Amino acid sequence: MPTLPALRRDLDRAGYYPELVADVVDVAIADEPVVAHLVLPETTLDDVALRRHVTVMVLTASRLVVAHVDDLPADSEHPSASAAATTEAVPLSRVRSVGLTHVVSDPARYRPGRTRPSELTLAIGWGAVSQVDLEPAACDDPHCTADHGLTGSITGDDVAVRVSAAAEGADAVRAAVRFARQLSQATASAGRE
């Protein structure tokens, strides 16, 4: 079972305000023992600046804690750069889905238990945030000009992270797979209680 020191070691390794991130995660886990964790730092470059972000997921016996910490650049209202740290604690019984997309290079040479994914996308839904995709509805008549309204779908969009061996390394992908397995097992158990 991972411990708080293992989580702290991964926060230090990520190097993105580890003291700040550790404090906000500590408040959110509220002294519950850590069962599993995943720390995913991300750096992006846009037209204006280099921006850093870290997502931390912590599994306890009863909850999934998700923390996001982002750079906030200086602006006219805030003369110095700052960081925003947001946490959410979700009871395991409320987690509706754990979706995994495994990308495997050269699938023709796949060997069970030996071939590792080159990337993994982990999507977790608990119904707090939904994304609505709308498009014009149509009928089968190619000459029809009537307005048929809209059609669309609502999908859960609570948290999704992508881990790539090319960007973060094979160890990061393995860590994401381990965390996803533990989360899937914990949510399955929570559903039976």
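Colleague: What does the accessible surface of the chain come to, and what share belongs to carbon and sulfur atoms?

Modeller: About 12100 Å², with 52% belonging to carbon and sulfur atoms. The area comes from the Shrake-Rupley method with a 1.4 Å probe; for residues, only the protein chains shown count as cover. This is a predicted model: local features need pLDDT of at least 70, side-chain atom pairs count only at pLDDT 80 or more, and totals for chains, interfaces and linings use all residues. Residues are numbered from 1 along each chain as its sequence is written, and side-chain values use heavy atoms, with hydrogens and water left out.

Colleague: Which elements does the chain have, and how do they run?

Modeller: Count 4 helices and 9 strands. Helices (H or I, at least four residues) and strands (E, at least two) are DSSP runs, numbered from the N terminus. From the N terminus on, the order is α-α-β-β-β-β-β-β-β-β-β-α-α. The C-alpha atoms fill a box of roughly 65 × 55 × 40 Å along the principal axes.

Colleague: What percentage of the residues count as buried?

Modeller: The figure is 29% of the 193 residues. Buried means under 20% relative accessible area, exposed over 50%, partly exposed in between (1.4 Å probe, protein chains only). Now look at contacts (heavy atoms within 4.5 Å). Take those with a separation of 6 or more: residues 24 or more positions apart account for 58% of them.

Colleague: How do I read one side of a helix?

Modeller: An α-helix has 3.6 residues a turn, so residues three or four places apart point the same way. Start with H1. Its buried residues are Ala 6, Leu 7 and Leu 11. They cover an arc of only 140° around the axis, which puts them on the same side of H1. The arc is that of the directions from the helix axis to the C-beta atoms. Pro 5 and Arg 13 are exposed on the other side of H1. The cover over the buried residues of H1 includes H2, E1 and E2. Gly 15 follows H1, with a positive phi near 75°.

Colleague: What span should helix H2 have, and what is it in the model?

Modeller: H2 has 12 residues, 18-29, and should span 16 Å at 1.5 Å a residue. The expected span is 1.5 Å times one less than the number of residues. The end C-alpha atoms of H2 are 16 Å apart, which agrees.

Colleague: Which residues of H2 are buried?

Modeller: Pro 18, Val 21, Ala 22, Val 25, Ala 28 and Ile 29 are buried. Seen down the axis of H2, they fall within an arc of 130°, so they line one face. These residues pack against helix H1 (4-14) and strands E2 (50-59), E3 (63-72) and E4 (82-91). The face turned away from the buried side carries exposed Glu 19, Asp 23 and Val 27.

Colleague: What does phi tell me around these helices?

Modeller: Most residues other than glycine have a negative phi, and most peptide bonds are trans. Asp 31 is in the loop between H2 and strand E1 (36-45). Its phi is also positive, near 70°. Asp 31 is exposed, at 73% relative accessible area. Tyr 17 is in the loop between H1 and H2. Tyr 17 is not a glycine, yet its phi is positive at about 40°.

Colleague: How many aromatic pairs does a search of the whole structure find?

Modeller: A pair of aromatic rings is described by the distance of the centres and the angle of the planes. The search finds 1 pair. The rings of Tyr 16 and Tyr 17 have centres 4.9 Å apart and planes at 50°, so the pair is tilted. Rings of Phe, Tyr and Trp (its six-membered ring) pair if their centres lie within 6.5 Å; planes under 30 degrees apart count as stacked, over 60 as edge-to-face and the rest as tilted. Tyr 16 is buried at 3% relative accessibility, while Tyr 17 is partly exposed at 36%.

Colleague: Which charged end sits over the ring of Tyr 17?

Modeller: That of Arg 52, 4.9 Å from the ring centre. The rule: NZ of Lys or CZ of Arg is within 6 Å of the ring centre and within 35 degrees of the ring normal.

Colleague: Where does Ala 186 lie, and what does it touch?

Modeller: Ala 186 lies in helix H4 (residues 170-192). It counts as buried at 18% relative accessibility. Not counting residues up to four places away in sequence, Ala 186 touches Leu 59 and Leu 92. Val 95 is 91 residues from Ala 186 along the chain, with 9.9 Å between their C-alpha atoms.
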